[in-house]
Amino acid sequence: QLHVVESGVGPVQEGGSLRLSCTASGLRFNYAAVGWFRQAPGKEREGVLCNSDFDDTTYVATSVKGRFTASRDSTKMTLYLQMNNLEPEDTAEYFCAVSHYSHCSQDQWTQVAKYKYWGQGTQVAVSP
């Protein structure tokens, strides 16, 4: 069983930065693709980023490209989401999810069904 926990500090002002952490206990985290998703009130959950240590690829949503990046610390079984130049539109609950697969699919990584284990979510609030 994989237990996923997200953490981060907020709220933050527009233009600021925040780093979220996704830490997993259990098996296969270091061999699995890991995604970050977010969900704003009244909106569907959307994929933000998918990272695969297996083939060293990262896919990033257009809305956050150039502002959000990912990095892994395999020794700590942790994936970080670095968010820079935050905008009020980034306000949402952020979820970490571990995939069934070892790699991110270029055309399917945003699909919720591709991920098996989900964290409880962490709130990010960006004020104007």
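Predicted model: local features only at pLDDT ≥ 70, side-chain atom pairs only at ≥ 80, totals over all residues.
Reader: Which residues have the most contacts inside the largest nonpolar core?

Author: In soluble globular proteins, nonpolar side chains tend to be buried together. Here the largest nonpolar core has 34 residues, and Leu20, Trp36, Phe68, Leu81, Met83 and Tyr94 have the most contacts inside it. Strands 3, 4, 5, 8, 9 and 10 each supply at least two residues of this core. Strand 9 gives the largest share, six residues.

Reader: What does leucine 81 touch, not counting residues up to four places away in sequence?

Author: With those sequence neighbours set aside, the partners of leucine 81 are Leu18, Arg19, Leu20, Trp36, Leu49, Phe68, Thr69 and Tyr94.

Reader: How many bridges join strand 7 to strand 8?

Author: In a regular strand the side chains alternate between the two faces of the sheet. Strand 7, residues 68-73, runs antiparallel to strand 8, and six bridges join the two. Within this arrangement, arginine 72 stands opposite leucine 79 of strand 8. The hairpin has four residues between its strands, and methionine 77 adopts a positive phi near 50 degrees.

Reader: Is proline 128 buried or exposed?

Author: Proline 128 has a relative accessible area of 80%, and a residue over 50% is classed as exposed, so proline 128 is exposed. This residue lies in the segment after strand 12. Not counting residues up to four places away in sequence, proline 128 touches Glu14 and Pro88.

Note on methods: Residues numbered from 1 in each chain as written. Heavy atoms only, no water. Core = buried A, V, L, I, M, F, W, Y, C linked by side-chain atoms within 4.5 Å. Buried < 20%, exposed > 50% of the residue type's maximum accessible area, 1.4 Å probe, protein only. Contact = heavy atoms within 4.5 Å. Pairing = 2+ DSSP bridges.
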